[in-house]
Amino acid sequence: MVRKTKEEAQETRHQILDAAETVFSEKGVSRTTLNDIAQAAELTRGAIYWHFKNKADLLDAMMRRVTLPMDEFLATADADPEVSPLNYIRERTLHVVRVLAESPQTQRVFDIVMHKTELVDDMLPIRDQHLEARQGCISDIQGDIERAIRKGELPAALNALQAAIGIHSLIDGLFANWVLNPNFDLVQQAMFDIDNYLHGLKHRC
């Protein structure tokens, strides 16, 4: 009996998160109330509070159901020391692109976070998570660029931090534009952009 109750509670939790994902996507986070989510889930507001402290807690749980692009980037394995650092940057980046391109749910949640959430007040912890993941990505890319410089793949005078911020900005901006209006092939565009960016770094004076 206890096991069944836990399973039902988990099912209700997912029902709430599914409804929140839909309503957040349609109305935006700030314009969505817990009543809106309760109605969409065909539950009472009390059922929402049984599972979540507030809207920020619900949004956080919704985000944790998927692996967002920056988290996916950080989760990839460390590079083999024998592998070309530039090839590693390229393949690691394109892996993240493919993961996003193939997951409608991740696209939906990413769109909510990027375009439909005001990162103020109760949402500040979400902003802090976003900034932490961003800094982690830039730091990882910077390390790979520094390895590329040491291996002679990039000019010794290249500013590794600036180059890393550029790669992160390129891909993050590409994702943000694509989920807003996916009228182009994300993978092909990412290949074009990252290849040209890395080519430019190689020939930077």
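**Entry 1: terms and model**

I began with a definition: buried means under 20% relative accessible area, exposed means over 50%, and partly exposed lies in between, using a 1.4 Å probe and protein chains only. I noted that this is a predicted model, in which local features need pLDDT of at least 70 and side-chain atom pairs count only at pLDDT 80 or more, while totals for chains, interfaces and linings use all residues. Residues are numbered from 1 along each chain as its sequence is written, and side-chain values use heavy atoms, with hydrogens and water left out.

**Entry 2: confidence**

I looked up pLDDT, the predictor's confidence in each residue, from 0 to 100. The mean for the protein is 89, and 95% of its residues reach 70 or more. Among the elements, helix H10 (residues 186-202) has the highest mean, 96, and helix H5 (residues 69-75) has the lowest, 81. A reminder to myself: where pLDDT is low, the predicted coordinates should not be read in detail.

**Entry 3: the overall picture**

How many helices and strands does the protein have? I found 10 helices and zero strands; both are DSSP runs numbered from the N terminus, with helices (H or I) needing at least four residues and strands (E) at least two. The C-alpha trace spans about 65 × 35 × 30 Å along its principal axes. Of the 205 residues, 42% count as buried.

Next came contacts, meaning heavy atoms within 4.5 Å. Of the contacts in the protein with a separation of 6 or more, 71% are between residues 24 or more positions apart.

Which residues of H2 are buried? I wrote down Leu-34, Ile-37, Ala-38 and Ala-41. They cover an arc of only 100 degrees around the axis, so they sit on the same side of H2; the arc is that of the directions from the helix axis to the C-beta atoms.

Is Glu-42 buried or exposed? Glu-42 is exposed, because its relative accessible area is 72%. Its phi is near 60 degrees, a positive value in a residue other than glycine. Most residues other than glycine have a negative phi.

I then followed two helix pairs. Axes are lines fitted to C-alpha atoms, for helices over the stretch in contact, and angles run from 0 to 180 degrees between N-to-C directions. Angles under 35 degrees count as roughly parallel, over 145 as roughly antiparallel, 65 to 115 as roughly perpendicular and the rest as oblique.

Helix H6 (residues 85-101) and helix H9 (residues 160-180) pack at an angle of about 15 degrees, with axes 12 Å apart. H6 and H9 are therefore roughly parallel. Residues making this contact include Val-96 and Leu-100 of H6 and Ile-171 and Phe-175 of H9.

The axes of H6 and helix H8 (residues 124-150) come within 8 Å and cross at roughly 150 degrees. That makes H6 roughly antiparallel to H8. Among the residues in this contact are Tyr-88 and Arg-92 of H6 and Asp-140 and Asp-144 of H8.

**Entry 4: Asp-172**

My last stop was Asp-172, found in helix H9. Asp-172 is buried, because its relative accessible area is 18%. Not counting residues up to four places away in sequence, Asp-172 touches Phe-110 and Met-114.
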